[in-house]
Amino acid sequence: MYIGDVVEMRKPHPCGGKQWEVVRVGADIGVICLTCGRRVLLPRRSFARGVKRFLRRGAPPPSEL
Ligand SMILES: [Zn+2]
């Protein structure tokens with residue numbers, strides 16, 4: 001996944017939101033809940049497991065082209 005990706009998670013946030021935008025990619029994935037704006041860090045593996053589908057794909061960083 002890349003920064004700017006918007007994903008729908010299998011498990012909704014306590015606020016009821018299911019859509020998240022990826023804001024940080026590393027050992028942990030940083031995502032912001034698009035419903036309440038809360039920022040959360042998830043280990044890459046549990047993030048990958050929790051993704052239901054991609055709603056929007058961000059662009060890969062130039063270093064990966
Ligand atoms: Zn939320």
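Author: Donors are N, O and S atoms within 2.8 Å of the metal (3.2 Å for Na, K and Ca); water is not among the atoms, so sites may look incomplete. This is a predicted model, in which local features need pLDDT of at least 70 and side-chain atom pairs count only at pLDDT 80 or more, while totals for chains, interfaces and linings use all residues. Residues are numbered from 1 along each chain as its sequence is written, and side-chain values use heavy atoms, with hydrogens and water left out.

Reader: What spacing do the donors of the zinc ion follow along the chain?

Author: The protein donors are His13 (ND1), Cys15 (SG), Cys33 (SG) and Cys36 (SG), at 2.0 to 2.4 Å from the zinc ion. Along the chain, their spacing is H-x1-C-x17-C-x2-C.

Reader: Which geometry does the site of the zinc ion have?

Author: Four donors count as tetrahedral if all angles lie between 85 and 135 degrees. Ideal angles at a metal are 109.5 degrees for four tetrahedral donors. The angles among the four donor atoms of the zinc ion are 105 to 118°, and the site is tetrahedral.

Reader: How many residues apart in sequence are the parts that Cys15 and Cys36 tie together?

Author: Strands (E, at least two residues) are DSSP runs, numbered from the N terminus. Cys15 lies in the loop between β1 (6-9) and β2 (19-25), and Cys36 in the loop between β3 (28-33) and β4 (39-43). The pair therefore joins parts whose separation in sequence is 21 residues.

Reader: Is Cys33 buried or exposed?

Author: Buried means under 20% relative accessible area, exposed over 50%, and partly exposed in between (1.4 Å probe, protein chains only). Cys15, at 36%, is partly exposed, and Cys36, at 39%, is partly exposed too. Cys33 has a relative accessible area of 1%, so Cys33 is buried.

Notes: Tetrahedral: all angles 85-135°; square planar, octahedral: opposite > 155°, others 65-115°. Helix = DSSP H or I, 4+ residues; strand = E, 2+ residues; numbered from the N terminus.
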